[in-house]
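Please read this short report alongside the sequence and the model.

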Amino acid sequence: MNTPPRTLLSKIWDSHVVNATPGHPDVLYIDLHLAHEITSAQAFAELAKRGLRVRRPDLTVATVDHSIPTHDRSLPIADAAAADQIALLARNCWEHGIPLHGADSPHQGIVHVIGPELGLTQPGMTIVCGDSHTSTHGAFGVLAFGIGTSEVGQVLATQTLLRHRPRCFAVRIEGRRQRGVTAKDVILALLGRIGLKGGIGHVFEYMGPAIDAMSMEERMTVCNMSIEGGARAGLVAPDDTTYEYLAGRPHVPSGAAFESSVSRWRGLPSDDGVEYDAEVTLDASTLEPMITYGTNPASAVPIAARVPDPEALGNPAAREELHRALRYMGLRPGEALLGHRVDVVFVGSCTNARISDLREAAEMIRGRRVHPSVRMLVVPGSQSVKRQAEIEHLDSVFRAAGAEWREPGCSMCVAINGERLAPGQYAVSTSNRNFEGRQGVGGRTFLASPATAAACAVAGEIADPRTMEAGR
Amino acid sequence: MPLLRDHVDTDQIFPARFLTTTERTGMGQHLFFDLRRGNGGPEAPFILDRPTMHGRRILVSGENFGTGSSREHAVWALMDFGFRAIIARSFADIFYSNALKNGLLPITLAQSAHDDLIAALEADASVAVTIDLAATAVTLPSGGFATFHVDPFTKRLLLDGVDEMDYLLTQREAIEEFERRHPAAIDTRAFPE
Ligand code: SF4
């Protein structure tokens, strides 16, 4: 009997269905639950109220990233509410036997950076976290998605969730990236193409030569921003690049056990001839460094583009929205983005704070100075990234240029840890969201790659990383 | 109450800097905080603060409502302020499921019904709309009806006052059986040193 071809998504889904009742959502098993300080407290409180225990502390791990400041760890946390929240997480973890990579742990870091680096993220798994950028882990062929706090409670208590099977959206990236075009530019270009809600109800499966050629860290950058396109999750089929990355990581089995895992993982990629519910194709060879001009991540354009004119839009709602965004950003239609003033440059976040991102930014900065009118923050994604960067003396490169070298955390990506923009300031940020007020009340964000961000830091204005490289 | 724009994101609904709370009550005071202080745009006072809008329980908005972060605080803040339903052209996935889990009804109407509703609200922002969950229907200001869709399973839970956690807890045997045939790939407690 021939079984019909299945997608990677279907294979993972099918192997995690605990109970499928017609007309009901499936009861889906969760292999790994990542917890952090800001979306867990109310869930633990809910368990306490119902007299429930955490069902599988061995499938749960916690860290602190969102509200912990990234200044020197020996300094106290100035915000009392943040300090209480962090202390409460520690107490909840201790009570339930959940391992916590706290502020003083050598493994602390942004939750989506430490999962992969510790080898907790393995192909074929289901992973959830009370954070929408859980999609990052999809780079390993993992069904990983963000959940709300009620669901955090459900997973803590039952290790399951109720879910309807999502549809699968094939995102083909053909061709080869040109020099100076990064994974961040690829995902920003995709968002510019499909918009903020193109992926609603779907999981993206990224495929094609440009994805195959990417490193794991680049694939994570792409999957990270799936949610910005409306998709709960993004997937890349595991391949040799994946297995090479995983080999030798702390939670990954070794020796014969690793070989047997790999042979199991090799069965995961989508079968030939499988049909997708939706498809889009992008040619990587035509892409340029990208930047956003508006107040959502889909407002991405090639860096040399001009600010679009709302009056050119046919749809009145879209016109009004763009007017509003440009007012907020203080930009005029038709204005060039290149050369626009920049006050702050933030290199960090679960999108772009892994070692390759820091190398990319450091390469641009090396031997140059951060412009005197710019404050540049470099925030490694984890303690492990920080250690590696220091081994490579990247910290000295940044410091010598006049940038701040900080402790790991979400920092100015979410601006709830004291690190934020002042009203009216312009930031070029390697993070993933540029919503109004996201990086501080009244703060204005341009999203871009680490190379672009670093080039802007040097120039003191929006600059093309390709010309700066050439002008060396 | 009309909030007639698209992509109302969770950073607007509940600004991130209030996320350090560990409670789930009293969040209404931070609802649309930055818009209400006039930092976000030209609206002054923001519609939420207009006296005629007091006590409103239904919020009407555009496309992709609740986009952005997974924070359930956005739902808690809307409910704490008094809202019981959101009628939008479309919703972001995570917001949609967070809303249902807390009994905040996310409703999408047929395009023409939504257009009618918006036209009525634009003429008079204080017109009344009623929602009947059992019938999954909305009575429009024009007097017409429009139906909406709620997943039948979720509707059952909402009407019975059972939440998903209660339901999942009834699955215990199936979960145990699943765990026997699906050994864990990892043990987070086996600390790497
Ligand atoms: S770095 Fe930003 S997007 Fe990533 S988990 Fe932290 S707050 Fe969320």
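## A bridge between partly exposed residues

A:Arg466 is partly exposed, with a relative accessible area of 25%, and A:Glu288 is partly exposed at 31%. Here buried means under 20% relative accessible area, exposed over 50%, and partly exposed in between (1.4 Å probe, protein chains only). The two residues form a salt bridge whose closest N and O atoms are 3.3 Å apart. A salt bridge is a side-chain nitrogen of Lys or Arg within 4 Å of a carboxyl oxygen of Asp or Glu.

This is a predicted model: local features need pLDDT of at least 70, side-chain atom pairs count only at pLDDT 80 or more, and totals for chains, interfaces and linings use all residues. Residues are numbered from 1 along each chain as its sequence is written, chains are lettered from A and ligands numbered from 1 in the order in which they are written, and side-chain values use heavy atoms, with hydrogens and water left out.

## Other salt bridges

Over all chains, the structure holds 40 salt bridges. In one of them, A:Glu151 pairs with A:Arg163, with the closest N and O atoms 2.8 Å apart. A:Glu151 is buried, with a relative accessible area of 0%, and A:Arg163 is buried at 12%.

A:Arg56 and A:Asp58 also form a salt bridge, at 2.9 Å between the closest N and O atoms, and both are buried. A network of salt bridges links A:Glu46, A:Lys49, A:Arg50, B:Asp163 and B:Asp166.

## Around the ligand

Residues surrounding the ligand include A:His66, A:Asp131, A:Cys350 and A:Arg438, where near means a heavy atom within 4 Å.
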